[in-house]
Amino acid sequence: MLCLGSRIRLTRSEVARLHRITGFEPVGVRTHSDLEAYVQRCKAHYWGVSRETQYLHWLIDREIERCLRVA
């Protein structure tokens with residue numbers, strides 16, 4: 001992820017990984033708030049208490065943490 005002030009830009013590989021994990025392309029993500037909203041939409045789409053859902057939520061969180069750590 002590239003950061004410039006309050007603006008962010010996901011790299012192509014980050015967009016591809018998030019799309020692969022969630023099934024939704026992170027379009028229009030330009031701020032940390034946009035990224036947070038994207039994550040919430042994905043988690044809301046895949047809601048539940050099953051192990052698979054918990055694992056998917058964990059994968060999403062891990063990928064976002066990785067993106068933020070690189071920035």
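## Overall fold

Helices (H or I, at least four residues) and strands (E, at least two) are DSSP runs, numbered from the N terminus. Along the sequence, the protein chain reads β-β-α-α-α. That gives 3 helices and 2 strands. The radius of gyration, taken over C-alpha atoms, is 12 Å, close to the 11 Å of the globule rule for 71 residues, so the chain is as compact as a globular protein of that length. The globule rule is 2.2 Å times the number of residues to the power 0.38.

This is a predicted model: local features need pLDDT of at least 70, side-chain atom pairs count only at pLDDT 80 or more, and totals for chains, interfaces and linings use all residues. Residues are numbered from 1 along each chain as its sequence is written, and side-chain values use heavy atoms, with hydrogens and water left out.

## Size, surface and charge

Along the principal axes, the C-alpha atoms fill a box of roughly 40 × 20 × 15 Å. Of the 71 residues, 32% count as buried. Buried means under 20% relative accessible area, exposed over 50%, and partly exposed in between (1.4 Å probe, protein chains only).

The chain carries 12 positive and 8 negative side chains. Lys and Arg count as positive, Asp and Glu as negative; His and the chain ends are not counted. The centres of the two sets lie 5 Å apart, with each charge placed at NZ of Lys, CZ of Arg, CG of Asp or CD of Glu.

Lys-43 sits in helix H2 (residues 32-45). His-57 belongs to helix H3 (residues 51-70). Lys-43 is buried, at 17% relative accessible area. His-57 is buried too, at 18%.

Contact means heavy atoms within 4.5 Å. Not counting residues up to four places away in sequence, Lys-43 touches His-57, Ile-60 and Asp-61. With its neighbours within four places set aside, His-57 contacts Lys-43 and Tyr-46. A polar atom of the His-57 side chain lies 2.6 Å from the backbone oxygen of Tyr-46.

## Arg-9 in strand E2

Now for a strand residue. Arg-9 is part of strand E2 (residues 7-9). Is Arg-9 buried or exposed? Arg-9 is exposed, with a relative accessible area of 60%.

Beyond residues up to four places away in sequence, Arg-9 touches Met-1, Leu-2 and Glu-14. Leu-56 is 47 residues from Arg-9 along the chain. Their C-alpha atoms are separated by 23 Å.

Notes: A polar contact is a pair of N or O atoms within 3.5 Å; within protein, one must be able to donate a hydrogen and the other to accept it, and residues adjacent in sequence count only if both atoms are side-chain atoms.
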